[in-house]
Amino acid sequence: AAGEGWGFGRKHSTAVRHNAFRRLLEKHIFCGMAGAVDRARVEASDVVEDLFNAGVRFAHLSRDNERRTKAFGHELGLETDWNSCIDLNEQSAAFSTQSSPMLGGGGVTKLPRGIGAVRPHLRDVDNVPLLVSMFCNCQPRTVREMVQIYQENCELVCVVGSCGAPLSASVFAQADVAVSVRPLAPACLWIGLEPPRAASRRRATPHLETPKAPRRARYVEAAAAGAGPAG
């Protein structure tokens, strides 16, 4: 496999890549797959809609790529069609033909790519970057500069971010109003780890869901009750 290559280069075809992965999976048993995804809270889209109705423009600035940013923005109820997301990464702007403010096919204005292209676009083309609801590939420095651009155009900026990200402090300091929120702790579903009697009792009486003893103590009590008297 090392001599033939992994098939990740341009000169290798799709069939070569498939054959390389197929050789890796030979004589292996597929046990399962695990994945993680960012999900918005159920009430998040209603909050965003209420903000728009109150005259507050909502913008989602994400460190993820454009595809993942749009997927999360869709859950927030944001517009995800053409010209709905700006890439603030300067490196991506260097490899894109959309880095300069110009008209695309059919006279449609292309969005700037890279934080350095936002101000020239506002000066020479239009104010669409101030109306876009999503920004991808963001870093604290580019987010802080984007906040400055909003303020330069007479916008009052309120930043809402996580208190668990120390690098966000500079963005909070730049904003006119800053709201720091505490992230929710990861939650686990302990399915099948409780005695059936205790689980059925909680289902029958949901108001008694808070246990009086720690989980481990309940296990010990249940084991002792099932073993019967010693002797």
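**Core, sheets and salt bridges of the predicted model**

The largest nonpolar core of this predicted model comprises 20 residues, and those with the most contacts inside it are Leu-88, Val-118, Phe-135, Met-146, Ile-149 and Val-159. A nonpolar core here is a set of buried Ala, Val, Leu, Ile, Met, Phe, Trp, Tyr and Cys residues joined through side-chain atoms within 4.5 Å; buried stands for under 20% relative accessible area, exposed for over 50%, and partly exposed for values in between (1.4 Å probe, protein chains only). Helices α5 (118-124), α6 (140-152) and α7 each supply at least two residues of this core, and α6 gives the most, with 5 residues. Helices (H or I, at least four residues) and strands (E, at least two) are DSSP runs, numbered from the N terminus.

Residues are numbered from 1 along each chain as its sequence is written. Local features need pLDDT of at least 70 and side-chain atom pairs count only at pLDDT 80 or more, while totals for chains, interfaces and linings use all residues; side-chain values use heavy atoms, with hydrogens and water left out.

Turning to the strands, 3 of them form an open sheet with parallel pairing, in the order β1-β3-β2. Because β1 (60-61) and β2 (85-87) stand at the edges with a single partner strand each, one side of each is left without a neighbour in the sheet. Pairing requires that DSSP finds at least two bridges between two strands; β2 and β3 (residues 134-136) are joined in the parallel sense over 3 bridges. Opposite Met-134 in β3 stands Cys-85.

Strands β4 and β5 also run parallel, joined by 5 bridges. Between them the chain passes through helix α7 (residues 169-174), giving a right-handed β-α-β crossover: with the strands pointing away from the viewer, the path from the first strand over the helix to the second runs clockwise. Val-160 lies in β4 (residues 158-162), and its bridge partner in β5 is Val-179. Val-160 is exposed, at 56% relative accessible area. Together with Val-177, Val-179 and Val-181, Val-160 makes a nonpolar surface patch of about 290 Å². Strand β5 (residues 177-181) gives the most to this patch, with 3 residues. Patches consist of residues with over 30% relative accessible area and no salt bridge, like charges being joined within 9 Å and nonpolar side chains (Val, Leu, Ile, Met, Phe, Trp, Tyr) within 5 Å. Accessible areas come from the Shrake-Rupley method with a 1.4 Å probe, and for residues only the protein chains shown count as cover.

The structure holds 9 salt bridges, each being a side-chain nitrogen of Lys or Arg within 4 Å of a carboxyl oxygen of Asp or Glu. One of them joins Glu-155 and Arg-57 (2.8 Å, N to O). Glu-155 sits in the loop between α6 and β4 and Arg-57 in the loop between α2 (44-53) and β1, so this pair ties together parts that are 98 residues apart in sequence. Glu-155 is partly exposed at 28% relative accessibility, as is Arg-57 at 36%.

Arg-119, Arg-141, Glu-145 and Glu-152 are linked in a network of salt bridges. Within this group, the side chains of Arg-119 and Glu-145 meet at 2.8 Å, N to O. Because Arg-119 lies in α5 and Glu-145 in α6, the pair ties together parts that are 26 residues apart in sequence. Arg-119 is partly exposed, with a relative accessible area of 27%. Arg-119 also forms a salt bridge with Glu-152, the closest N and O atoms being 3.0 Å apart. Glu-152 lies in α6 too, so this pair ties together parts that are 33 residues apart in sequence.
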